[in-house]
Structure formats: structure tokens, C-alpha cells
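Trainee: I have the model open. Can we go through what its labels rest on?

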Amino acid sequence: MRFIPHTEDEVQAMLEAIGASSVDDLFRCIPEKLHLERELDLPLGAGEQTVLSELSALAKRNTDASGHDWFLGAGTYPHFSPAVIDTVASRSEFLTAYTPYQPEMSQGTLQTIFEWQTMTAGLTGMEVSNASMYDGASATAEAALMALRITRRNKVVVAAGLHPHYRDVLATYLSGLGCELVEGERAGDGRSAPVDGLIDGDTACVIVQQPNFFGCLEDVVGWAETAHAAGALLVASVAEALSLALLTPPGEQGADVVCGEAQSFGLPMGFGGPHLGFLAARQSHVRQMPGRLAGETVDGEGRRGFVLTLSTREQHIRRERATSNICTNQGLCLLMATVYLALHGRHGLRALAEANLAKAEYAKARVRETPGLSLPFSAPTFNEFVVGLPGPAAEALGRALDAGAVGGLDLSAYAPDLGDALLVCTTERASRQAIDRLVAALAGGAR
Amino acid sequence: MSSAPGSVESLGHATRGLAWEEPLLFERGRPGRKGVDLDPLDVPEVDPKQLLGEAAVREEIPELPELSEVDVIRHFTRLSTWNYAVDLGLYPLGSCTMKYNPRLNEKVARLPGFAEIHPLQPPEQSQGILELMVRLEEALAEISGLDRVSLQPAAGAQGELAGIMMIRAYHEQRGDPRKKVLIPDSAHGTNPASAALNDFECVPIPSGADGVLHPESVAEVMGPDVAGLMLTNPNTLGLFEEHIVRICEIVHEQGGLVYGDGANLNALMGRSRPGDMGIDVMHFNLHKTFSTPHGGGGPGAGPVGVKNILAPYLPIPVARRDGDRFALDYEFPHSIGRLHGSFGNVGMLVRAWAYVRSLGRDGLRQCSDMAVLNANYLLARLRERWHVPYDRPVMHECVLSDKLLEDCKVTTLDVAKRLIDYGYHPPTIYFPLVVHGALMIEPTESESLEGLDRFAEALLSIEREAREDPDVVRSAPHRTPRSRLDETRAARKPILRWQPS
Amino acid sequence: MAETQIPEELAYTAEDEWARREDGQVVVGITDYAQQQLGDVVHIVFPEVGAAVTKGEPFGEIESVKAVVDLYAPIGGNVCAVNDDLDGAFEKINEDPYGAGWIIAIEPDEPAELDSLMDATAYAKHVAERES
């Protein structure tokens with residue numbers, strides 16, 4: 001076995017040093033009846049060539065974005081990722097290190113986390129960010145748990161536009177604690193309808209997604225006022241992190257916690273993971289934050305260095321009273337996003353966000369002028385929007401696939417009241433010709 | 001190597017090299033510099049402020065730098081050289097299983113057919129990945145002796161949360177909600193933290209003087225209000241819980257369930273199966289046992305496996321066979337719900353499957369065999385000069401303590417920092433909590449005999465230094481670009497971000 | 001174990017708090033032994049002034065880099081002062097646990113409750129037992 005260095009002679013020499021007669025002897029501490037007396041029912045091991053060929057065959061049976069125009073987003077976005085990102089993320093020193101328990105030999109990871117925390121704080125308009133969470137959904141659930149701790153209340157109110165999977169994960173996390181979860185309704189223009197009637201003195205937080213699941217921009221200022229009037233916190237969840245480069249950040253609009261998903265920053269769609277949850281908050285709430293935090297300090301000679309800090313919040317010290325059971329972060333994903341943000345920088349990221357906006361506006365204009373297609377929502381959008389169709393979404397998606405495109409998300413399972421509708425996303429990867437082809441395919445014969 | 005025999009250099013092969021000071025990203029660069037050339041816009045430009053309103057559009061973000069591609073790659077390449085990693089050498093963090101991460105895994109995970117696919121594309125467009133997920137589920141079930149597996153949890157801690165949620169839901173569904181969970185004193189801190197997320201009261205159980213859990217101690221606290229027991233086997237002392245069958249019976253007799261923390265599965269593959277021991281639910285750490293990279297602290301993956309009685313409670317969706325097709329199954333009547341926005345850290349599942357295929361039934365067993373051999377060998381090399389709090393045959397890891405160094409006023413922390421000078425990552429320290437000044441060493445199967453010998457010599461050399469020249473140990477590390485960092489200062493006045501001036 | 005100071009005139013809890021009568025109030029802090037065990041103190045979660053505390057129940061938390069422990073009230077009553085000077089200067093607890101490192105003051109409901117605490121001799125024995 002190529003990953004195991006031991007030769008027969010070495011095994012014998014080691015057994016002798018231990019004082020064991022055989023390898024079986026080493027397993028004597030396991031009671032007899034628990035010994036597996038057969039081989040595992042799995043194939044024999046295989047060399048690299050065979051394994052690569054088997055997995056390549058599996059990979060080929062998936063429809064992927066390398067050979068298709070891609071308009072499916074809904075929380076996982078088809079952005080372009082520069083070559084430098086994978087190059088850096090493939091470096092052994094980042095890839096095969098663990099959590100920076102020993103700061104003197106982990107400064108690379110720690111400084112990267114510090115840089116990520118800084119940029120995330122800037123993007124969200126918040127004071128502090130943690131070292132990342134599993135994904136946008138669990139980051140949103142952790143934000144809600146944080147609000148429950150801060151306010152010592154027991155109810156969470158979510159706006160209708162929260163990603164349904166985020167809401168589901170939130171419900172799972174809250175179910176263990178017996179907390180109440182209530183959800184508002186969608187307004188006619190695609191935004192979330194006000195939830196004033198649902199908020200009461202036991203409401204810990206209100207959660208609103210920006211842009212929302214349907215791509216519409218919410219009035220975060222108004223949501224913050226509503227939440228604060230009841231003594232609740234406002235949690236803003238952002239599934240399309242690129243929007244933060246263009247839109248006024250929730251932190252400047254009154255949000256108390258800004259969380260979400262940063263897969264857009266250079267991570268592959270990868271069938272939904274691993275992605276990169278983020279969570280940022282006010283300095284005053286830092287001790288109630290979940291997850292790892294890197295902080296600046298000095299070494300014995302006064303030189304700047306970084307360490308994991310405020311660890312007493314965490315499970316390995318506070319155990320059942322920890323702020324979360326999370327042990328690490330999404331280290332490598334955080335590295336990739338940090339490289340992505342460094343490359344794009346202040347102007348590149350803004351230009352990219354504006355390009356996404358322009359593509360969506362172009363696509364919406366084409367939809368508007370195409371018979372059979374419609375834009376059911378009037379609220380402004382960023383790079384994703386809902387298209388009304390002349391017939392079943394499944395058929396429209398079939399026509400799009402024939403034209404070489406994965407055309408969007410069939411909304412029949414998510415918002416049946418919309419009738420035949422698709423959620424369509426246009427990133428910088430969608431060319432004008434591809435958009436034209438998609439619009440024609442979606443319209444089909446309806447002209 | 002020309003270094004003197006027995007010297008620091010000769011034992012870990014660490015020597016001096018150039019290391020570059022590297023400022024923060026924000027302290028580099030120049031206004032106007034950029035690291036990407038975006039394609040020219042092929043659609044009409046829009047004015048965001050006009051389109052969305054002045055108030056909706058933000059100003060410049062001072063926390064983003066202005067750098068060229070060269071600046072960026074140098075920055076991160078230089079930072080990388082300040083990290084230690086498995087690819088540089090032995091990384092004996094106990095219960096973390098820092099084994100070699102095969103590069104084939106990385107290659108296959110980057111195939112467009114895995115990397116560039118979307119979680120919401122219809123199953124007919126994702127048959128390949130669904131088949132891979134089903135095969136991995138089946139393999140994990142076979143290795144663990146459990147019936148069903150959900151791959152969704154994104155990390156061990158989330159898998160554990162899923163497991164304990166299922167236990168709670170199971171009792172509630174039977175109209176018998178229970179309040180308490182039993183947790184041995186040697187348990188990892190996530191166990192009580194996950195239990196608390198389910199509003200369970202944690203009842204600690206002391207391990208016996210021999211380091212393992214005894215049926216009497218479990219029987220004493222087990223009762224009809226106890227939902228279950230969480231245990232790790234082998235435990236965090238590296239010892240097999242030899243009374244596990246009886247312990248599981250005691251819990252089952254009173255209607256409770258047993259949760260197995262899968263952190264230490266690397267000791268057991270092909271040798272013994274948690275499901276056969278009486279475990280009802282456990283999580284797997286694919287980043288430990290199944291070689292997916294630790295990535296500087298994630299992403300991991302923490303699939304959860306169950307016996308059939310808990311299958312209706314699994315987090316949804318679960319991949320399954322549907323004739324000769326593969327589908328996503330949402331039909332779990334009492335499911336605890338969703339834990340992840342999609343299907344978990346799928347990229348890690350691809351890597352883990354490549355690993356299972358590379359090793360196969362023969363290689364997986366050999367892997368556990370050699371992991372156990374390595375730990376016992378290290379223990380044999382070290383036990384004469386180091387205090388071994390529970391001196392008996394171990395499985396994949398062993399625990400030492402600093403007790404014999406008390407006279408020299410050298411602590412476990414000092415030993416850990418001195419190991420860095422020898423070119424090694426220190427073991428897990430001060431855990432498990434039941435051992436004062438613990439050093440928890442897990443060499444994994446990846447290490448060769450000569451590598452283990454050098455590491456053992458390094459620890460023996462540090463033990464000599466502690467007696468002869470304790471200051472050099474107490475003030476370590478000496479060879480890193482930074483000496484010991486002031487964690488007190490970091491915690492007293494937290495600086496968690498760079499501030500634009 | 002380093003020498004630990006255990007002043008004669010104070011009363012002590014089993015959880016390593018000290019208490020001192022002062023103008024009808026009871027001033028509370030942690031002992032020298034406790035600060036040695038904890039290491040450098042980095043944070044305290046104080047109760048609100050006016051909050052009711054119960055003898056033997058937690059009133060706050062004290063943290064070092066690697067540990068966090070509850071602070072237990074040596075006597076029941078209401079918190080009448082917290083030591084704001086510690087904020088940003090938690091090293092005072094390590095440097096002067098019985099003086100500048102005091103943590104809260106309590107307006108006791110039953111001042112006589114203090115008599116049930118350990119005196120310096122009993123506490124010294126309590127410390128010695130745990131060290132052996």
C-alpha cells in the first residue's frame with residue numbers, strides 16, 4: 001500500500017521492541033467476540049490509474065458548468081475563479097496543516113484568518129468577523145443562537161425571502177432548544193412583507209436575507225427599525241456575497257449580525273460544498289460569537305504575531321456552556337476567498353459586482369421584450385431574478401438544456417403560487433450571446 | 001545531513017533557512033494596482049445609483065487592498081512558509097489523525113464533473129455524484145457495522161449534533177422525552193456542547209483507575225430519564241473500552257441509546273465494528289480516518305451512521321439507489337431535518353471515496369494495523385523516561401504526562417514548544433483533562449520506523465535537556481520566526497482586525 | 001506549589017472566594033491560590049449593580065486564557081458595587097487579589113451568614129488537601 005511505509009522486516013522489529021508476537025497480538029485488548037472474523041465487504045484496494053479512471057467515469061455522468069452556459073444560482077453561484085486561488089490552496093503548507101493550535105508554527109494560517117476577518121468586517125460593515133462557519137445556512141442558524149443568548153429571549157422571526165434551505169437548517173438547530181420559529185409572507189413585489197404582527201417581547205431576532213431568495217433587494221433599514229423597536233436584533237443573511245461589493249452593507253443599515261455564504265469568492269460550486277459561511281457582529285457582542293477568532297499580539301521580542309483568541313467561548317474549554325459546538329472553521333475555503341478578495345481588490349471586486357448587475361439588467365430587458373416571458377416582481381435586483389414562463393418550468397429547462405444551458409431553478413417546489421416560473425442568475429460568466437440563447441429557449445414557441 | 005549525532009538538527013532534520021517577514025495584505029500594494037483583468041463588458045453599462053437609488057449603493061471598501069497578481073502570490077507563498085504541515089513531517093496531534101493526504105484525492109475532486117456541478121440541478125444531471133455518495137454511504141456502513149448513513153454533516157461536531165438530535169427525537173417520538181446524557185470524564189468538549197444544544201443535562205461519569213469506563217459507574221447513573229451515553233472508543237487515552245458490550249446493554253436495558261464519537265475509528269477498520277459493540281449512532285471524521293486534508297482547520301466532513309431503529313430520524317436528504325438509478329431521498333418520517341444548505345462538504349466526500357477505493361478492504365485494515373503498531377512502538381520507546389499515566393497496551397494513540405519533569409519545573413507546554421525546535425508539530429496537549437499535563441500522541445500509519453525513531457529520540461533528548469538545561473526548554477521555541485506569543489495580551493485587549501488609518 | 005497568601009482576617013468559600021466586612025457591606029474577590037491556579041486573568045463577567053445574589057450560587061464568571069470558572073457568592077444579598085477599575089486591567093487580580101483586585105461588594109441580607117464560611121486556618125487546610 002503506497003501510503004504505508006512499513007516493510008515486513010520493520011514490522012517484525014517493531015513488534016519485538018513492543019514485546020508483541022504478532023500484529024494480531026496488538027488487538028488483544030479488544031474482547032474476543034468483538035473481533036471481526038471476516039474481511040470487510042469492500043473491493044480490494046487499487047492503484048492510482050484505476051481509481052482515477054473509475055472516478056473520472058463517475059464525474060463524466062454529471063452535467064457540469066465547464067461545458068454549459070450556467071444560469072442556476074439560488075445560493076450557489078457560478079462565478080469565475082482565477083488560477084492563483086487553486087495554486088495557493090494546493091500548497092502543502094496550507095492544505096495539510098491543522099487548526100493553528102501552535103501559533104509559532106502556524107503564522108501563515110493565522111495571518112490569513114486575520115486578513116479574512118478584516119475584509120469580511122469591511123464588506124459587511126461590521127466591527128468584527130469570526131474565522132468562518134460551515135456554510136451560509138449554519139452561519140444563519142448560529143447567528144440566531146447568538147441572538148437568543150444575547151437577548152435571553154426564545155423566538156426567532158424570519159422574513160419570507162430567506163433561502164428555504166437556510167430556514168430549514170435554522171428550524172433544525174432551534175428544535176433542539178425548544179425555541180419558536182415564525183415566518184412572514186412574501187409581498188407582491190418580491191420582497192418580504194413586514195412582520196410587525198409576528199414580533200413580540202420574546203423575539204430575539206428578525207432574520208432577513210439580502211438580496212432575498214428571489215433576488216430582490218430588501219429594505220434592510222426598515223427591517224432593522226422594526227426589530228429594534230421590539231428590543232430584538234436584526235440578523236442580515238447574505239447568500240450572494242458579491243452583492244456586498246456594491247450594495248450598502250447591512251452593518252451600515254442597522255443589522256446587529258451579518259452572516260451568510262461566501263462561496264462566490266472563488267470557491268467551486270462543488271455540488272454545494274465545501275462552502276464558506278461567515279459571521280460578523282458588533283464588538284460589544286464578540287464574547288457571544290460562535291467559532292474561532294484570530295487576534296493580533298506580540299512575541300517575546302515584541303514582534304507582531306497572531307494567535308487564536310477568546311477561546312474560553314469555545315467547546316474545548318466551556319464545554320456544555322460554549323457559544324457553539326463548532327470546533328474549527330472552513331480554513332482552506334477561507335484561504336481561497338481571502339486570495340480571491342486580495343486579487344480582485346478594492347476596484348476589481350466593485351467592477352465585477354457592477355458587471356453582474358449589468359448582465360442581469362440586460363437579461364431582464366430581454367425577458368421584458370420577449371412575448372410569453374414576464375418579470376413577476378418589480379423590486380430591484382442584483383444578479384438574480386424571477387422569470388414568468390409560458391408553460392411548465394421543467395419544459396423550459398429542457399429547451400434550455402437543448403440549447404446548451406442549465407437555465408435556472410424551477411420554482412414550482414419553492415413558490416407554487418408563482419405558477420410557471422424560474423429563478424435565473426447571471427454572473428460575469430454569462431455572455432450576451434448566452435443570455436440571448438437562454439431567453440429564446442425559455443420563450444420556446446410562444447411568440 | 002552533516003549535523004552532529006544527537007543534535008537538535010539530527011533528530012528532526014530541522015535546520016535554519018530563509019524566512020521572509022510578510023506584512024498584512026493591507027500594508028502592501030499601491031493605489032491603482034490590480035490582480036485581475038476582467039473581460040470587457042458585452043452588455044450595456046448601468047449606473048447602480050441611478051438604478052437602485054443612492055442609498056442602496058455603498059462607497060469604496062478601505063479594507064480591500066490594491067495588489068497585482070505577483071504581489072498576491074508572493075504574499076501567500078511567503079505566509080505558507082510560516083506553517084508546519086503533514087507534508088513537512090510527523091504531526092502527532094492525538095485524536096486528530098494527521099495522516100498523509102493522497103494527492104490523487106485532490107486531483108479527482110477538481111474534475112469539472114465534481115467541482116463544477118450545482119446542488120440544485122436535477123438528479124438526472126447528477127447521477128455520477130449521487131452514485132459516489134451512495135457507494136460511500138454503503139462503505140461507511142460496512143466499516144462501522146451500522147445500517148444507514150447520511151453524509152450531510154459538514155464536520156465531526158455537526159455529525160455529533162445530528163446524532164444527539166436523533167436520540168432526542170427518538171425518545172420524543174415514543175412519548176418518552178428524556179432529560180439527561182451521560183458523558184465520560186475523558187470526553188472531548190464537543191460532546192457536552194452538542195448535548196447542550198439539545199437542552200440535555202450532562203452527567204459526567206468517572207473513568208476507572210485503569211483508564212476505561214466500568215459498567216458499575218454507568219449503572220449507577222443510568223436511569224429512565226437518561227436519553228443516552230456518549231462515548232469514544234478507543235477513548236481519548238488510546239484505550240479500548242473493553243466493557244463496552246456490557247455498558248451498551250446497561251444503557252439499552254433502560255431504554256437509552258449509545259452515541260459513538262468516531263474520532264478514533266482509525267484504530268479499528270477491518271478489526272472491530274462499533275455497530276457490533278452496541279453503538280446505535282456515530283459520526284465519522286472523513287478528515288481524520290479517511291485522509292481528506294485538514295486545510296488549516298477545515299473543511300472537514302462528519303457523516304453520521306445509525307442502526308435501523310434511528311434511520312427514520314436521519315437528516316435529509318440522503319442519497320440512495322433507485323433501481324439502477326441514484327436519487328435523493330427525503331422520505332424519512334421523523335427526520336431531524338436539514339443541517340446543511342446542500343448535501344454537506346461534497347468535495348470531501350469525493351476525496352474520501354477515492355481513499356476508500358485506493359485502500360480497499362485490505363488497505364483499510366492494514367492502515368489500522370500500522371496505526372496501532374506505530375502508537376505502541378512509540379510508547380515502548382518512551383515509557384522508560386516518560387511518565388505514562390495509564391501504562392497498558394494502547395491502540396492508535398498514547399498519552400504521556402509531564403509528571404517526571406515537575407522537579408525541573410518544566411511543563412507540558414514547554415515540552416511542546418521545544419519539540420517545535422526539533423522540527424515537529426507538538427502532540428495534543430493538556431487533553432484528555434483526566435491526565436494532568438497530558439501529551440496525547442497519535443503518530444498514524446503514515447510514519448515510517450526511522451521517522452518514529454527520530455521523533456522518540458527528540459522527546460528523549462528534551463527529557464535530558466529538561467534536567468540538564470531546563471531554561472532552553474522553558475524558553476522554547478528558539479528557531480521559529482516568532483518566539484512564544486503573548487496569548488494573555490491577545491485575550492485582554494482583543495485586536496481582531498486591521499484598522500485602516 | 002508557590003507560596004500562597006491567606007490573610008487571617010478574611011472569610012473563605014470552598015470555591016476560593018474571599019469575603020471581607022466593610023461598613024456593613026461585604027467585599028468579595030478570589031484568593032491568591034485561585035489566581036495562581038487560573039493564571040493571567042483576561043476577563044470577568046460582572047453582575048449588574050442591584051442584582052440579587054444567593055449564597056453559594058454563581059454571580060459571575062472569571063476567565064483566563066485557558067479556563068473559565070464561575071464566581072460564587074459567599075453571602076446572599078444585593079450587589080452594591082462592582083470593581084470597574086478592573087476593566088482593561090485584569091492583571092490587578094493576579095497582582096493584588098485581596099486589595100485592588102476585589103470584584104464586587106454585596107449588601108447582605110443576613111450579615112451573620114458570613115460566619116458559616118471558612119476562616120484562614122480552615123481554608124489553608126482546604127487548599128493543602130487539594131494539592132496533595
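Trainee: Which domains does the assignment give for chain A?

Mentor: Domain 1 covers 69–80 + 346–443, and domain 2 covers 83–339. Those bounds come from an automatic or database domain assignment. This is a predicted model: local features need pLDDT of at least 70, side-chain atom pairs count only at pLDDT 80 or more, and totals for chains, interfaces and linings use all residues. Residues are numbered from 1 along each chain as its sequence is written, while chains are lettered from A and ligands numbered from 1 in the order in which they are written.

Trainee: How many residues are in contact between chain B and chain A?

Mentor: 166 residues of chain B are in contact with 163 residues of chain A. Helix α12 (residues 346–382) of chain B supplies the largest share of the chain B side, 22 residues. Helices (H or I, at least four residues) and strands (E, at least two) are DSSP runs, numbered from the N terminus. By class, the chain B side has 91 nonpolar, 44 polar and 31 charged residues.

Trainee: Why is B:H13 called partly exposed?

Mentor: Buried needs 20 or more other C-beta atoms within 10 Å of the residue's own, exposed 12 or fewer, and partly exposed is in between; C-beta atoms are placed from the backbone. B:H13 has 16 C-beta neighbours inside 10 Å, so B:H13 counts as partly exposed. Its phi is near 65°, a positive value in a residue other than glycine.

Trainee: And why is C:D16 called buried?

Mentor: C:D16 has 23 C-beta neighbours inside 10 Å, so C:D16 counts as buried. C:D16 also has a positive phi, about 75°, although it is not a glycine. C:D16 lies in the loop between β1 (11–12) and β2 (17–22) of chain C.

Trainee: Where is A:P274 found?

Mentor: A:P274 is in the loop between β7 (257–261) and β8 (277–281) of chain A. The peptide bond from A:G273 to A:P274 is cis, with omega near 0°.

Notes:
Two residues are in contact if their C-beta atoms, placed from the backbone, lie within 7 Å. Ala, Val, Leu, Ile, Met, Phe, Trp, Tyr, Cys and Pro count as nonpolar, Asp, Glu, Lys and Arg as charged, and the others, Gly among them, as polar.
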